[in-house]
Amino acid sequence: MDLPMAAPVPSPSPADEPVAAVVVGAAANSRRAVLTAFLDGESLPDLRPPESFLVVRHGTVERIAAYLPGWSQPWIVPARSARSGAGLALPRPPRRVEVSRPDASLRRLSLVDSPDLETLRSAGATVLLDAAVRGGALVFVVGAGPPPGQVEHELLRRALRAGVAVFVAITAAGVQSAGESFQRAALLAAVPELEQAPWHSVDAATGDAAFLRREVTDWAAREALHRAGAGLADQLAYDEPPPLPRGGPAADWPEQLDRVVRRIGQRVRHTLAIELANLHVAAVRELLFGNGPAGIPGFLDREFLALSLHAGAACAVGVDDAVDEVVEHVFRVDPAQRLGPLLREQLRRRVLGDPPTAVAEGLLTTAAGQCEPVPSIAAGPSPVTGPSPVVVDVFAGYPAQRSRCTVPPIGVALAADCWHPRGGPTGMAPDQARSWIQQALRAVEIALSQEIALRFAAVRRGLANLLADAIDSGDAPG
């Protein structure tokens, strides 16, 4: 598996995102040993399919919920059934499984156990890196078995470049199999930046993870304070908007605003069209040389999850670029100064506070090869999925915060009927499945382009109203 070098990873929003540590690296049993030791020996139920993410967070009561693609609400799993060791009897693999439990170790941070790296492929690696950036930390586990390879090395390099705090945990099995000094030397030779990272040995047999737990929880406490402080500083900066630059705006600012936002919206749609073209090639390759028609639903849904992240990151970058160009062209000032960030924040609040009524929070691809929009909360229940309190959260592999988005997020997934052998691609002949893939991805491209157009139309209206109010009052938007 090659990690996607150009995959966008959105910058975290410190005031909004919960602190979390993503556990990745060795095989599932070694990662589970570290998680169990971190939780003072309290083992987690063995219920997560190997391709799904597991999120462990603090809660007043024990609760297990699976988030299935194409299903509008979490699938609640009785704790008694989970403890029986029977696993999850689910119709299809969930994107993530969340376990809430009243554990003191989870008060400061959540833990995210990733799938095995060899099962992730490039799309899953994008989701994993996004979760690590937003959570803030990555615990890299070295256990028994082959030493970390190129995939692990590249993941560590990209996480460190993105500012993620990395902790290395070597299990007792890892020490016995190859020797801790050898494992450390091999990792440092491949990723020299790990020299500054904390290294800890974890003995799962005795539950000895005290030093690792203390260091990670201390980091989480500092990180939470840093994020809260950054959010407060941003809020104070918006309380007193600066005066507009002297000389006033350009006379044709409405026309300039319209041209800028339309051009950047077209750029974002073109970028996502290229992503879908590449996805089409990858899906046909999976059909012909991978698991055949039976593997297409799982493959496409994992790719759609990464596509959702691409769409959110592309929209965020596009809106920032549009605001910068408007500030530079209309007011003839440096967009990096206070006016640019202030305008972006006010735009974010306005668009999220009053989203366009026709915007969808999700897109479901059906077995008929069509793409059905899942309406936003304001638009009421969907005939496809029924009522949902937070639709886009069900589409995510890792919990998403709406407040970190500039425009309403969009999730893409497969509807439940795509997994049914009688109507979906699973039961088709290869030639039929190939035609279905082409039809379904074309439907997604059209629907996604329409949704992006709606979002940038809302950006254009929001910026026009903000600028008109600011010009009338003589002050920057506040």
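Leaving aside its neighbours within four places in sequence, with which residues is Ser52 in contact?

## Surroundings of Ser52

Ser52 is in contact (heavy atoms within 4.5 Å) with Pro93, Pro94, Arg95, Asp113 and Pro115, its neighbours within four places in sequence being left aside. This is a predicted model, in which local features need pLDDT of at least 70 and side-chain atom pairs count only at pLDDT 80 or more, while totals for chains, interfaces and linings use all residues. Residues are numbered from 1 along each chain as its sequence is written, and side-chain values use heavy atoms, with hydrogens and water left out.

Ser52 lies in the loop between helix H1 (28–38) and strand E2 (53–58), where helices (H or I, at least four residues) and strands (E, at least two) are DSSP runs numbered from the N terminus. Ser52 is buried, at a relative accessible area of 0% (buried means under 20%, with a 1.4 Å probe and protein chains only), and its side chain reaches the backbone oxygen of Pro94 at 2.5 Å.

## The sheet

Nine strands form an open sheet with mixed pairing, in the order E4-E3-E5-E2-E6-E1-E7-E8-E9, two strands being paired if DSSP finds at least two bridges between them. Its edge strands, each pairing on one side only, are E4 (75–77) and E9 (199–202). Within this sheet, strand E7 (residues 136–142) and strand E8 (residues 165–171) run parallel and are joined by six bridges, and Leu138 stands opposite Val166 in E8.

## Helices H3 and H9

Thr119, Arg121, Ala123, Thr126, Val127 and Asp130 in H3 meet Phe299, Arg302, Glu303, Leu305, Ala306 and Leu309 in H9.

Conventions
Buried means under 20% relative accessible area, exposed over 50%, partly exposed in between (1.4 Å probe, protein chains only). A polar contact is a pair of N or O atoms within 3.5 Å; within protein, one must be able to donate a hydrogen and the other to accept it, and residues adjacent in sequence count only if both atoms are side-chain atoms.
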